[in-house]
Amino acid sequence: MTPELPSGLDLTLDQLDRDGALREAAARLPRTRFLAAAAGAAAAFGVLASPARAAVSRGDVAILNYALSLEYLQAAFYTETERVGAITGKAARATRVVGAVERAHVDAFRKLLGVQAVKQPSFDFRGTTEDQLAFLKTAVAFEDLAVAAYKGQAHLIEADAVLAAAVAIHSVEARHAAWMRHLFGIRPAAQAFDEAKPKAEILKTVRSTRFVAARTRTKGGGAPRFTG
Amino acid sequence: MSVTAIVGFSAFSGGGGGEVVVPRDAPLAALPAPALVVNTPVPLRAERDLAHWAPVLRAVTARTAPAVDAPRVARLTTRTAEQTANLVLVLGRATDRRGHVWTRVRLPVLPNNTTGWVPRSALGGLAVVRTRLVVDLERLTANLFRRGKPVFSARIGVGTAQWPTPRGEFYIRSRLARYRSPFYGPIAFGTSARSEVLTDWPAGGYVGIHGTDRPDLLPGRVSHGCIRMRNEDILRLASLLPVGTPLSIR
């Protein structure tokens, strides 16, 4: 049994990548592999606040931003679930633990990417953070998705340091996936061989959830019609 | 950095295949240091003044209970009179017998302090605020708290005895700027509170919080129900007050 993300939803890449940084970085992805090891390149990527910054190419920046986008989604999902407080029992405990980890992932990616980090979009989790069954179903889908997404980028990552980070996070996501699958009542390790998923397929799945929402228009320029 | 092999033979040397010999001093590739450092995960802390709000995504009927056949309380639209998103303050939730999630919300309707239940599907994403605005009609003050700590205070003007500012629990519903009306000052906040007297006022007599072109009247009981403050005070408040903030008028 494979849980499906909530259906009947429609999300656009524009919404996921609101400021265009993800697509902009992807468009700059070089055809040939290169490492920015030279001093000039180090200056170009000087915004990356890491000892490995000199070895992070534009292509890797795009991949890191892709990972950050997924981490935003997960961190916001678990954080909202915990704050709303509608989920109970072992699932609530898992939410607290996994949510803290996903927030730590977000912080780490943002610190590494610096000003090149994509901004966090607005989310509308459509009640899935407020209902036990919907929460578990979505959590399983998110974690399975993250595992497949990290794996799907492995062969594209240029710098060993970035690959090492991705692999370290990938296995954590796999543990989360197993935990959530167990809580949902399905086999934690369903298959002997996990397939990777390309970015296009992952984004299509995320779009189908419509969890990334337009920002609410709370500001206006019209004349007030208050009593005065 | 490289490390030296510590094994001198293949682990798979048995069983018919040829033995693969790794020289004792053959260098192995070093493990690369990860490009990022993930710090120790930090649990969420309990936060004072944490509240959620959500926009109304589709016109919907609010009901007295989380059920489609419960009595009707009010009809909610998606826009305010000023064409900003119509917001509701989220107070609670419940799941009905059919598994549908309902949300209990504070409503921008008369009588003031009305709450009701709407299907979760009619609302957009939950937004968080950590602020609370308290208006004291006796002391003529407005105090803003963030995470329980006072961050803003100002003397204000409120409604006259004829057009009193309503008391109760409300929320900040919109923020307006760039309009041409010195009467309202540079910035105005819409609230969910409504005058219980001026019900035929255009757009329904909503109470706003705004600046003024008559600072000489403040503090005092001078308005039609709105909460007025000096322009420098409303500008200071605007930098601190997010839309969706709960508002208590006492």
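A: **The side of chain A that touches chain B**

In this interface, 48 residues of chain A are in contact with 56 residues of chain B, two residues being in contact if their C-beta atoms, placed from the backbone, lie within 7 Å. The model is a predicted one, in which local features need pLDDT of at least 70 and side-chain atom pairs count only at pLDDT 80 or more, while totals for chains, interfaces and linings use all residues. Residues are numbered from 1 along each chain as its sequence is written, and chains are lettered from A and ligands numbered from 1 in the order in which they are written.

On chain A, two or more residues each are given to this side by α4 (58–84), α5 (89–113), β1 (122–123), α7 (160–184) and β3 (219–220). Helices (H or I, at least four residues) and strands (E, at least two) are DSSP runs, numbered from the N terminus. The largest share, 11 residues, comes from α5(A). By class, this side of chain A has 22 nonpolar, 12 polar and 14 charged residues; Ala, Val, Leu, Ile, Met, Phe, Trp, Tyr, Cys and Pro count as nonpolar, Asp, Glu, Lys and Arg as charged, and the others, Gly among them, as polar.

The strand β3(A) is also joined by two bridges to β14 (residues 168–177) of chain B, and the two strands run parallel. Strands pair if DSSP finds at least two bridges between them. Within this pairing, A:Lys219 stands opposite B:Arg175 of β14(B).

As for the chain that carries this side, the secondary structure of chain A comprises eight helices and three strands.
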